[in-house]
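Reader: Hello! I would like to learn how to read a structure feature by feature, and I am new to this one. Could you walk me through it?

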Amino acid sequence: MEAVHEHDHSHDHPTGLMRWVTTTNHKDIGTMYLWFSFAMFMVGGVMALIIRTELFQPGLQVVQPEFFNQMTTLHGLIMVFGAIMPAFVGFANWQIPMMIGAPDMAFPRMNNWSFWLLPPAGTLLVLSMFVPGGSAGVGWTMYAPLTVQQGMGMDLVIFAVHILGMSSIMGSINIVTTILNLRAPGMTMMKMPLFVWTWLITAYLLIAAMPVLAGAVTMTLTDRHFGTHFFNAAGGGDPVLFQHIFWFFGHPEVYIIAIPAFGVISQVIPAFSRKPLFGYASMVYATASIAILSFLVWAHHMYTVGMPVEAQLYYMFATMLIAVPTGVKVFNWVATMWKGSMTFETPMLFAIGFLFLFTLGGFTGLVLALTPVDVQLHDTYYVVAHFHYVMVAGALFSAFAGVYFWLPKWIGKMYDETLGKWHFWLSIIFFNLTFFVQHFLGLAGMPRRIPDYSLQFADFNMISSIGAFGFGLSQLLFLYILIKAIRSGEKAPEKPWDGADTLEWTHLPTPAPYHSFETPPTVK
């Protein structure tokens, strides 16, 4: 009889593919987010290179204008929702439980579900190119009224955006709950690592902003199929209404991307400066201020739609106000490095690269905040240059910094430092080659999202395209560095950064030990 009651444990822990499909382990899920984001980064990168190939010289030569528009649309959507956001959610999954002393995320099954919504959504975005009529060539902002007239590719894009939004909202609820409820005894809010703070704030932004995007694309869907006229002027609707709804999501979205990047940089710079972050509390308050202000400035994307001059004035000043907490952050990072015992390993190089280039992108943002200037520069390559400085040199460079910084912790092996430095220098040189000249193109009046241009823009476009291919190929080196580290990297020492990575705790009382708890800790 005993044998009957013996439980067969061989099926308790699936192996192979099923381990990844069914896992509730925050580290496994973080890893899947990171690999998915890298795959999408490559797909979006190929789309960018198609754009730059067409623009290598004037005249239409490589792709049809319709396909060019599909590329600008999908490049934007895939990079924002498929590459950058999942990368930082991957960091959050890996690091937050370990940083706050939690056994796992608060809702492990929902964590699994949040991730597995992404591959179908990414697939839908790519598939939208292959349906009759092709994908939606409407730009990643999906402005009405064009979206109401597009073929069925647009429906796939709308469905994909809905799924991506569900993933983001569930992931955010999980992160908020984990941070508020699963901190180790003794770890108060103001003792949390800055990365945890930035994700708490980001998760609130996502929960507030993503449903607004869902509303915008749902209204587009009903306009397309159910006879509503939200955005159709002939039926009493208003295309500008779409812009208001979209940018009420869209502006917080850029900070949803930037704020976790700030969090990574706030871990890396103190580590390699060998001293605690300068002004911890001011960093927390500055980050929260940026998040709140991000909801109050959306119409600076819309100075040219004919809003009242009083509204333009308000949005101009409110937008300029964001420069204050951002300046506080940059000051803090620089002051952290000041008189520190700095070393320049790859994560620190990417962090400093971030600091230089993100600040430059911030300045061009301040330029575009000025209504009369923006009316001239709206929809030119100056805007493209501006947001790629904050998205690529900002978010992407800080993601690279985070990967190099935490990789020894994740895989227990070191990457090749020399190759890492090569990756940094190639990336930063080709990045500037690609996007710095676009400021000049924009100031000279070259419009964005156009597959052809007049002869005067030829030289800078050629430089930009060469830079883009150099930047793209440099990322293959990154893939090689990762695979080499995973397969044959040297064993990571106990403290890979010479003890630097533990220094964030030096100014704090010792929190509880970081072992997995038998039961989640109670919160006072």
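Reader: How many nonpolar, polar and charged residues does the lining of the largest cavity have?

Author: Let's begin with the general idea. Rolling a probe the size of a water molecule over the atoms shows where empty space is left. Please keep in mind that this is a predicted model. Here, the lining of the largest cavity has 13 nonpolar residues and four polar ones, with no charged residues.

Reader: How much space lies in the largest cavity, and which residues are the closest to its centre?

Author: The largest cavity holds about 170 Å³ of space. Its lining is made of 17 residues, and those closest to the centre are Met85, Pro86, Val89, Ser168 and Leu206. Helices α4 (65-100), α8 (153-181), α9 (194-225) and α10 (239-273) each give two or more residues to this lining. The largest share, six residues, comes from α8.

Reader: How many cavities of 30 Å³ or more does the count give?

Author: The count comes to three.

Reader: Now for charges. Which side chain meets aspartate 28 in a salt bridge?

Author: The general idea first. Side chains of opposite charge can pair when their charged atoms come close. In this model, aspartate 28 pairs with arginine 19, at 2.7 Å from N to O. Aspartate 28 counts as buried because its relative accessible area of 11% falls under 20%. Arginine 19, at 36% relative accessibility, is partly exposed. The charged end of arginine 19 also sits over the ring of tryptophan 20, 4.3 Å from the ring centre.

Reader: How many salt bridges does a search of the whole structure find?

Author: It finds five. Another one of them joins arginine 224 and aspartate 155, whose closest N and O atoms are 3.0 Å apart.

Reader: Are arginine 224 and aspartate 155 buried or exposed?

Author: Both arginine 224 and aspartate 155 are buried.

Reader: What distance separates the closest N and O atoms of arginine 448 and aspartate 379?

Author: In that salt bridge they are 3.7 Å apart. Arginine 448 is in the loop between α17 (417-443) and α18 (458-488), while aspartate 379 is in the loop between α15 (371-377) and α16 (381-411), so the pair ties together parts that are 69 residues apart in sequence. Arginine 448 counts as buried, at 16% relative accessibility. Aspartate 379 is partly exposed, at 36%. There is something else to notice about the backbone of aspartate 379: its phi is near 60°, a positive value in a residue other than glycine.

Reader: Where is methionine 142 found, and what is its phi?

Author: Methionine 142 is in the loop between α6 and α7. Its phi is near 55°, which is again a positive value in a residue other than glycine. With 2% relative accessibility, methionine 142 counts as buried. The loop between α6 and α7 also contains proline 145. A cis peptide bond joins alanine 144 to proline 145, with omega about 5°.

Reader: Let's turn to rings. How many aromatic pairs does the count give?

Author: The count comes to 51 aromatic pairs. One of them is formed by tryptophan 140 and tryptophan 247, with 6.2 Å from centre to centre and 90° between the planes, which makes it edge-to-face. This pair links distant parts of the chain, 107 residues apart: tryptophan 140 is in the loop between α6 (118-127) and α7 (146-149), and tryptophan 247 is in helix α10. Tryptophan 140 counts as buried at 14% relative accessibility, as does tryptophan 247 at 7%.

Reader: What angle lies between the planes of phenylalanine 230 and phenylalanine 231?

Author: The angle is 50°, so the pair counts as tilted, with 6.3 Å from centre to centre. Phenylalanine 230 is partly exposed, having a relative accessible area of 34%. Phenylalanine 231, in contrast, is buried, with a value of 0%.

Key:
Residues are numbered from 1 along each chain as its sequence is written. This is a predicted model: local features need pLDDT of at least 70, side-chain atom pairs count only at pLDDT 80 or more; totals for chains, interfaces and linings use all residues. Side-chain values use heavy atoms; hydrogens and water are left out. On a 1 Å grid over the protein atoms alone, a cavity is a set of points where a 1.4 Å probe fits but cannot get out, and a pocket is an open set with protein on both sides within 12 Å along at least five of seven lines; lining residues have an atom within 4 Å of a point. Grid points are joined across faces, edges and corners, and a volume is the space filled by probe spheres set on the points. Helices (H or I, at least four residues) and strands (E, at least two) are DSSP runs, numbered from the N terminus. Ala, Val, Leu, Ile, Met, Phe, Trp, Tyr, Cys and Pro count as nonpolar, Asp, Glu, Lys and Arg as charged, and the others, Gly among them, as polar. Rings of Phe, Tyr and Trp (its six-membered ring) pair if their centres lie within 6.5 Å; planes under 30 degrees apart count as stacked, over 60 as edge-to-face and the rest as tilted. Buried means under 20% relative accessible area, exposed over 50%, partly exposed in between (1.4 Å probe, protein chains only). A charge sits over a ring if NZ of Lys or CZ of Arg is within 6 Å of the ring centre and within 35 degrees of the ring normal. A salt bridge is a side-chain nitrogen of Lys or Arg within 4 Å of a carboxyl oxygen of Asp or Glu.
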